[in-house]
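Please look over the model shown here.

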Amino acid sequence: MNNRIDRIRKRLGLAEDVPLGAFGSFGEGTEIVDAPDGGMTLKLVITKDAVDLDGDIVLPDGADWTYWEKAGLPVYLEHNYGVNETVGVGRKGSLKLVKIGAMAGWTMSVGIRKTEEGQAVATYVRDVGPIGASIGFRVVESRQPNAEEAKRVGPSGIRPTRVVSKWLGLETSLTVMPCNPTAGGKAEKMLNELDRLVTKGAIT
C-alpha cells in the first residue's frame with residue numbers, strides 16, 4: 001500500500017503531510033466486451049464503501065472526479081505513471097455511482113489500448129480472469145466512524161478507524177495483486193498464471 005501512495009505523491013509533487021489513499025477492488029463485477037477489431041473494453045467496479053487495509057471507509061458519494069476527468073481518464077498499470085504504463089482510457093460518461101449489493105460504489109468502462117502493455121492486460125484477462133482495480137485519491141474531509149460503521153470488519157479482521165467523507169479522485173490503475181489479503185488463494189493462482197503466460201511468450 002505504501003509504495004502506491006508514494007508513487008501518487010511523487011507524481012503530483014505533494015508534501016508528506018498531504019493525506020492520500022488507495023483502495024482496491026479485486027475483480028468484482030468485471031465484464032469483458034471484445035470488439036470485432038480485437039479491442040477490449042473492461043467494465044469494472046473501481047471502488048466501494050468497504051473497510052480497506054488502512055482501516056479507512058471511503059464513502060463513494062463523497063467523490064470528486066474533476067481532476068481525473070480533466071486529465072482524460074487515463075488508466076495505469078500498478079500505479080506506475082509513465083506514458084507506456086497507460087494501459088487504457090476510461091469511457092466518458094461511463095463513470096457511475098451504483099449500489100453493489102448492500103454497499104455503494106463506482107463503476108466504469110475502460111477501453112484497453114493496443115499497446116504492448118495494454119495487450120498484456122487483455123491476454124491476462126482472457127487467459128486468467130478478472131483483473132483488479134485500484135484508485136488513488138486525496139483526502140478532503142474525514143471523520144471518526146459512527147456506531148454502525150464501527151461494526152464493519154475489513155480484511156484480516158481490520159476495524160475502521162477513519163471515514164473519508166470527501167475525496168478527490170486522482171487516478172485508477174489495474175493490478176494483478178488484490179489489495180484484500182483474504183483473497184490470497186486467488187493472488188497465488190493469478191501470479192502463477194501470470195508467470196506461465198510470460199514463460200510461454202504470451203506476455204513479453
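P130 is partly exposed, with a relative accessible area of 41%. The model is predicted. P130 sits in the loop between α3 (116-127) and β10 (132-143). P130 and L44 are 86 residues apart in sequence, yet 9.1 Å apart in space, C-alpha to C-alpha.

S109 is buried, at 14% relative accessible area. This serine belongs to strand β9 (residues 103-112). Leaving aside residues up to four places away in sequence, S109 touches T41, L42, K43, V89, G90, R91 and S94.

Now the charged pairs. Side chains of opposite charge can pair when their charged atoms come close. The structure holds 4 salt bridges. Among them are these:

| Pair | N to O distance |
|---|---|
| R162 and D56 | 2.8 Å |
| K166 and E141 | 3.9 Å |
| E149 and R143 | 2.8 Å |

R162 and D56 form a salt bridge. The pair links distant parts of the chain, with R162 in strand β11 (residues 162-175) and D56 in strand β4 (residues 56-58), 106 residues apart. D56 is buried at 5% relative accessible area, whereas R162 is partly exposed at 23%.

K166 and E141 also meet in a salt bridge. This pair too joins distant parts of the chain: K166 is in strand β11, E141 in strand β10, and 25 residues separate them. K166 is partly exposed, with 43% relative accessible area. E141 counts as partly exposed at 39%.

In the bridge between E149 and R143, E149 is buried at 8% relative accessible area. R143 counts as partly exposed at 33%.

Note on methods
Residues are numbered from 1 along each chain as its sequence is written. This is a predicted model: local features need pLDDT of at least 70, side-chain atom pairs count only at pLDDT 80 or more; totals for chains, interfaces and linings use all residues. Side-chain values use heavy atoms; hydrogens and water are left out. Helices (H or I, at least four residues) and strands (E, at least two) are DSSP runs, numbered from the N terminus. Buried means under 20% relative accessible area, exposed over 50%, partly exposed in between (1.4 Å probe, protein chains only). Contact means heavy atoms within 4.5 Å. A salt bridge is a side-chain nitrogen of Lys or Arg within 4 Å of a carboxyl oxygen of Asp or Glu.
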